[in-house]
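Subject: Structure handover and notes

Dear colleague,

Please find below the structure I promised to pass on to you. My notes on what was found in it follow directly after.

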Amino acid sequence: MASGYNPIAVESAWYDWWEAQGFFKPQTTENGDTKPEGVFVIPMPPPNVTGSLHIGHALTIAIQDCLIRWNRMLGKTTLFVPGFDHAGISTQSVVEKRLYKAEGKTRHDLGREVFLGKVMEWKNDYQARITDQLRRLGGSCDWDRVAFTMSPSLSKAVTETFCRLHEDGIIYRANRLVNWCVQLNTTLSNLEVDQKQLLGRTLLNVPGYDPKEKFEFGVITSFAYHIEGSDERIIVATTRPETMLGDTAIAVHQDDDRYKHLHGKFAIHPFLNRRLPIIFDEHVDKEFGTGAVKITPAHDPNDYEVGVRHGLDFINILNDDGTFNDNAGEQFKGMKRFHARREVIKKLTELGLFVETKDNSMQIPICSKSGDIIEPVLKPQWWVNCQPLAAEAIKRTRAGELSIGPKQSEADWYRWLENIQDWCISRQLWWGHRCPAYFVQIEGEDIDRNDGKNWVVGRSVEEATERAKILANGKNFTLEQDEDVLDTWFSSGLWPFSILGWPEKTVDFSQYYPASILETGWDILFFWVARMVLMGIYLTGQMPFSEVLCHAMIRDAHGRKMSKSLGNVIDPIDVIHGLPLEQLHQKLYEGNLDEKEILKAIAGQKKDFPKGIPECGTDGLRFALCAYSGGGRDINLEILRVEGYRKFCNKIFNATKFAMLKLDDGFSPETSAKPTGNESLVERWILHKLNIAATQINAQLQERNFMAATTSAHNFWLYELCDVYIEAMKPLTDASVPLQTRRSAQQTLYTCLDHGLRLLHPFMPFVTEELWQRLPRRPTDPTPSIMIASYPINDPDFISSEEEKDFDTVLSAVRAARSLAASYNLQSNIQLFVHSQTGKEIDLFRLQTQAMITLIKGCSAVNVIEDVKALPPGCGSAVISSTITVHVLVKGLVDLDAEIAKCDKKLTLARLNLEKIMKIISQPDYAETVPSVVQITNDEKRKTFETECTTLEQSREMFAKLANS
C-alpha cells in the first residue's frame, strides 16, 4: 500500500477497470432475464450541453450513484442510463453569444444549416467534457446506452409523440397570447417566466438597451380618452402606457352609475384613427381606480378574455425584435418598446391627456433565461391540452402508483396539477426538434395559416403528403414545414422510455421500464417531472417511475444562489483536484461574462476562497454531498466541511493500513463471517455495532435519508472501529497471548474491515475499492470487486445485546476516566480506581482492565475495588451510575483548595437535582398515576444522584483532610 492517502492516485485507475470488466452493465441471469432479487433503474436527469457540470450536478450523481451501487450490491439487476439534453433555448443562446463575441456575427449571418453545425460542435465539445466529469464523479453508468435528446432514436420518439397527440386531439394549433422574450426571440412557457416583485417605483436595466439606460417600473399611469362628439373625458390607468397604442375598447361595469350614459358610445384614440367602443363587462372592478379599464386584447391576458367575450379587434403592435410595427402609428413605428413608453407619456402630456403617475406594488414577468421583460403577444402556436393528462396523473398518484418525497414536494405536486394550464410547445429557434407539422398551401386559395385545420402532421414527409392530398381534395398544393422547433421539455418529457427504445418494443423497454426512481432537484418538479408523468401515462399506460425524490438546491456558504456573476459557481472537478485562487479567477474569462461582471466575480471568489479550493477528492466530495442531504430545500455548501470528509477518507486509509499490519502473513480469513461463539467481549461488541450500522444504513437508504446513512457509517468507522476496537484489540494480538485468542481477534478485525468498507462503498467508491482489494479473500469468495460484493444486511448471528450493554458500561468508565484525567491535566502514569457495588460489574471490570488501560492514554494501572475504604486518599471522582464510580489518584498533583471548591459547586448541583427528583416522586398518587416505566427511570435517577452526592461528600472530606494534614 502507498505510504499515505492520495485521493488523485487512488481515484486514477479504478473507473476504467470497472467499465472494462462490465460492472456498470445490468447483471442478468444466464438466459438474459433480470435477477430474482429485483430490478433497480435510474434514468439520469440529462445535463444540458450548455456548459460544464456544476456542484448541483455533483449532488445529483452522488445521490443517484449511491442508490445504484447500493442496489447493485444487494444483488439486483441495476441500470443507470446516462444522457444529455440539447437544451434548445440555453444552448442556442450561449452559442449565439460566443459567435457574436468572437466573430461579430449573428446566426442569421451564417444561415440555419451552418449555424446548426456550430451548435453541434459546441454540443460535442461539452458532451465530452460532461462525460469526463461524470466519470470523475464515479457515476457507474452503462455508457453503451448513453442517450441524447436529438439522436435519431429519441427524435423518432418525439415525432411519434407529436403525431399521436395531434391525432388524438391533445395537441392543437391556436392563435393565442404567449410569453414572448424579445432578447431570445422566442416563446416561453409559463414555467420559464419568473415574477419579480416591485414594491413601488423602480428603475431597471433591460437587456437589449444601453446598460446606462434605466426604465421606470412599479408605477401606474393614468390618462384620459376623449368621448366622441362631446367634451367629456374618461380616465383609465395602466402599468404599461405604451400598450395604449393597441387599445380597442374601454370597459366599465354595467352597474356603474358613472358610466351608464356612455353605453353604445365611443372614445377617440388620440394618436390613431381608431374609435374605441365603451363596453359593459361584469368582470370590471368598480372600486379599482376610476372603474374604467383600457382593453388591449392582443397584449394582455385579462384583456384577451374580454376581447373574446365582446368580439373586439386584436391589434398586435409589436415586432418580434421589440420594436413597434405599423399598427402603432407613424410617430411610434420602429421605436423600441420602452422608448415608446416614454414617448407616449410625453405626447399624452402635450395633448393635456396625462393625469398622474403613482407608485404601484406589482409583479413584472422576467425571462428566467435572459432576464428580459416578457411581452404577452398573439402568435399562432402548437399547444398541448394538459387537463385530461393531469387528471389521470392526479388519480394515479392518489392511488399510490407514485410517491413523492420530501412530503412538501407532494403538496406542491397536487397544487400544480390541479391548476395546470395548456402548454405552448412552439419555440422560435433553430436548435431543437423541428415541428413535424406542415402547412398545406392549396393552389389558388387564400388559406389562413393560423387555423389548425389547414395543417397536417406526419411521421415522414410521405405521410404528411398523403394527408395533405385528402385535405386538398384533388387540387394542387405545396407543403411547408413549420419553421419552429419544439420546447426542450417536450422531448425531455419522454426521457424514461425514449432512452429504452420507445416507440419500438425493445427488450430494454420490456425489462427496464418503468424506472424505479426519478431523483432530481425540486426546482424542476413541474418543468420536467410532471411532464414525464403526463406523457408516460398517456403514451405507455404506466407511470414512468414509482418514486420521485427531490433533492435540495445547493447554495453557497452564505445561502446565496450560485451565479457565475457572483463568482460562487463551483466546478466539482475543482473540488476534487483543488484549484489555486489565481486559476479560479482565470476560469471566469472562459465564459460569456463581461468585464464588469468578471471583476465582481473575482471579488466574490477572493472572499469565499481566499486560499483557493483545497484538494478534496471524489470520495470526500460525494460523502459530503450525501451528508448534506437531509430532506431540506436548501444546502449551504462549505468547502471546509468537504475538506473534513477528505480527512475522514485519510482516517479510513490509515486505519485500514494499520489494521492490516495486525493480519500477519499466516492469517487467512475463515470461510464464513459468522461468529464462532469464542469471541472476546470487545469482539462481540464490535460485531454487534457493525450489525447495528448495517441495519441502520440499509433502513436509512431505503428511507432516502442520506444524511442519517452517512452519519451511521461515519460513526461506526470513527467512533467504534477506529477509536475502540482497533485500539482495544492490540493486547489480543500480542505474541504472548494464545493463538486462538489472537486468531479470533484477527478474524473479527477482518470482518469489520471487509463489511465496513462495503458499507461505505456506495458513498465512497474509489477509496473503498482501493482498500478492499488489499484485503485477503475468504476461501470460497471469488468476487473480483467490492462494487459487486454483497452489501451487509441485518444478521441475527451478529447480535449480542448483553455484551453490547456490558462493554458500553466499560466504555462509560473509560470516558469518565479520560475526562477526569483531562480536567486534572494528567497525561501519564494515570492511576485509575473503579468502585462497584455489584459482583457482576466487579467481575466485568476485572476482566476488562487490560482493554481499559489500552483505551485510556497514559493510564498505567486500573484497580477494581469492592469497598470504597480501599480507595487511597487524594482521588478525583466521577459517578457513572448508581452502582459505579471511577476515581483517579491526584494526590500531590492538584491545588487542594481549588478541588474543595469544585466539590462544593458540584455538590450543590447534585443536591438540587436530587431535590427535584424527590419532589416528583413524593407527589400524591405518584404510584397510581405515573407509568411504571417512568417510575423505574426516576428511581434510577434518584439512586444516581444519591450516589453522586455521597461520592462528592467523601471526596470533599478527603481533600479537606489532605489540606489540613
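A nonpolar core is here a set of buried Ala, Val, Leu, Ile, Met, Phe, Trp, Tyr and Cys residues joined through side-chain atoms within 4.5 Å, where buried means under 20% relative accessible area. Please keep in mind that this is a predicted model. In the largest core of this kind there are 159 residues, and Trp-717 and Leu-832 are those with the most contacts inside it. Helix H23, residues 706–728, supplies the largest share of this core, namely twelve residues. A second, separate core has 65 residues, among them Ala-390, Ile-420, Ala-530 and Leu-539.

Leaving aside residues up to four places away in sequence, Leu-832 touches a group that includes Ala-817, Met-852, Ile-856, Val-886 and Val-888.

Then there is an open sheet of four strands, ordered S31-S30-S33-S32, in which the pairing is mixed. Strands S31 (859–865) and S32 stand at its edges with a single partner strand each, so one side of each is left without a neighbour in the sheet. On average, and with direction ignored, neighbouring strands of this sheet are turned by 20° against each other. Helix H26 (residues 801–823) lies across strand S30 (830–836), S32 and S33, and runs at about 35° to S33. Helix H31 (residues 932–964) also packs on the sheet, where it touches S32 and S33, and its direction makes about 175° with that of S32.

The loop between strand S32 (875–879) and strand S33 (884–889) holds Ser-882. Is this residue, Ser-882, buried or exposed? Its relative accessible area is 10%, and because the cut-off for buried is under 20%, Ser-882 counts as buried. The side chain of Ser-882 makes a polar contact of 3.0 Å with the side chain of Glu-940, and the residues that Ser-882 touches, not counting those up to four places away in sequence, are Gln-837, Glu-940, Lys-943, Thr-944 and Thr-947.

The buried residues of H11 are Ser-409, Glu-410, Asp-412, Trp-413, Tyr-414 and Leu-417, and they pack against helix H10 (387–398), strand S19 (403–405), helix H16 (525–540) and strand S27 (547–551).

With best regards

Terms used. Residues are numbered from 1 along each chain as its sequence is written. This is a predicted model: local features need pLDDT of at least 70, side-chain atom pairs count only at pLDDT 80 or more; totals for chains, interfaces and linings use all residues. Side-chain values use heavy atoms; hydrogens and water are left out. Helices (H or I, at least four residues) and strands (E, at least two) are DSSP runs, numbered from the N terminus. Buried means under 20% relative accessible area, exposed over 50%, partly exposed in between (1.4 Å probe, protein chains only). A polar contact is a pair of N or O atoms within 3.5 Å; within protein, one must be able to donate a hydrogen and the other to accept it, and residues adjacent in sequence count only if both atoms are side-chain atoms. Contact means heavy atoms within 4.5 Å. Two strands pair if DSSP finds at least two bridges between them. Axes are lines fitted to C-alpha atoms, for helices over the stretch in contact, and angles run from 0 to 180 degrees between N-to-C directions.
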